[in-house]
Amino acid sequence: MTDSRTFEMGRRRLLMAAGGVAALPMLGAAACASASSTQAGLGAATGAGTPVGATNLGVRKLGQLEVSSIGLGVQNMARKYTTETPYRPEMVAHIRAAFDSGVTFFDCAEAYGPHECERILGDAIQPFRDQVVITSKFGWNIDQETGARRPGLNSRPDHIKLVVDGMLKRLKTDRIDLLYQHRVDPDVPIEDVAGAVQDLMQQGKVRHWGLSEMGLGTLRRAHAALPVTAVQSEYSMLWRGPEADVLPVCEALGIGFVPWSPLGVQFLTGWIDANTRFAPGDIRGLESRFSPENLPHNLQLVALLNQWGERKQAAPAQIALAWLLAQKPWIVPIPGTTNTAHMVQNNGAVSVRFTPGELAELNVAVRAIEVKGQRLPDAVLVHSGREAPPKLPR
């Protein structure tokens, strides 16, 4: 199938999906393996049963980089949380449908696949490469030939440059619009990382750079060495950690913020209930916030979303995304879904508006619910908030 034919198939899929949204009042990501997950009460979240439809997404700025106000994460397009492998041609069509609906910001990483999600994204964007912003991330220790994961992290300057050359081939492009360090390497000064990225910028291979889940000292040092465009970290109603310190630092330095997992790995769509159990290999089964002991308590957030969904005639996921958008004008969420109808519904969040009084009311209600349990397994969480070693004088 030619690129133009596949692109048109994506357009038709989008239009079909948009027409079907009204018939699907609660659209989350694909359901996790659950013995008895239910959707009781979810239909009420949309009031009359018609979620806010997709409209012009508009644009926002991450530093000086202009992107659509909602992006699309492609992490699960090679393997879902539920461990299934999506049908590759559908993922290509899905990305093209997202572009057709106004999405111009696509988030990827070397580690997703590994490598395969970059290949999928690279194939998908060929008809409109110059009209979109694509990101990727380096930092894990991944074999450049085989894609095999090796222990630890690797942000050595020579390795970064090899990784970016591989990214360019997989993404079928001549530049990465926004390159992140995925996690801070505790053995490499951030100034050395910034130097490597600056070399890549001078070669035209990278346009902007950012950091993910870094320590605040490292963020300040990185920005001093080479101005940072964006920070990417988990942030949603389910995990509000960045509010305490990361967001204020970003605001002070003029750095944009990109929340990953803005729908709480499906939780904030309302698809997960107190009876949900996760399949072996699904990382959510290792996150104690989703344990049988903590789920009933944390579901207060979903109840709150349902209440506001009725009030605003919107789906819970739309309320969750609209809440993020309302926090700061330089926040750009990147919900990841492999379903075009879900993507269309997510984009409809831009049509949900809160008055100042409503936003204050919702903020108070969200922050009154203390989420129980850890957001990530210990083995993953240990890499968040790390500081890079100091740059020693020669």
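**Exercise 1. Work out how strands E1 and E2 form a hairpin, and which residue in the turn has a positive phi.**

Solution. Start with the turn: 2 residues lie between E1 and E2 in this hairpin, and Gly63 there has a positive phi of about 60 degrees. A quick word on what you're looking at: this is a predicted model, where local features need pLDDT of at least 70 and side-chain atom pairs count only at pLDDT 80 or more, while totals for chains, interfaces and linings use all residues. Residues are numbered from 1 along each chain as its sequence is written, and side-chain values use heavy atoms, with hydrogens and water left out.

Next, the pairing. E1 and E2 (residues 65-68) run antiparallel and share 4 bridges; strands are DSSP runs of E with at least two residues, helices are runs of H or I with at least four, and both are numbered from the N terminus. Two strands pair if DSSP finds at least two bridges between them. Val59 sits opposite Ser68 in E2.

(Buried means under 20% relative accessible area, exposed over 50%, partly exposed in between, with a 1.4 Å probe and protein chains only.)

**Exercise 2. Find the order of the strands in the open sheet, then say which strands stand at its edges.**

Solution. The 7 strands go E3-E4-E5-E8-E9-E10-E11, with parallel pairing. E3 (72-73) and E11 (256-260) each have a single partner strand, so one side of each has no neighbour in the sheet. Now zoom in: E5 (residues 133-138) and E8 (residues 176-181) are joined by 4 bridges, and Lys137 faces Tyr180 in E8.

**Exercise 3. Count the aromatic pairs, then classify Phe267 with Phe290 and Trp308 with Phe354.**

Solution. Here's the rule: rings of Phe, Tyr and Trp (its six-membered ring) pair if their centres lie within 6.5 Å; planes under 30 degrees apart are stacked, over 60 edge-to-face, and the rest tilted. That gives 6 aromatic pairs.

- Phe267 and Phe290 have ring centres 5.7 Å apart and planes at 40 degrees, so this pair is tilted. Both residues are buried.
- Trp308 and Phe354 have ring centres 5.9 Å apart and planes at 75 degrees, so they're edge-to-face. The pair links distant parts of the chain, 46 residues apart, and both residues are buried.

To finish, ring pairs also link Tyr235, Phe257 and Trp323 into a cluster.
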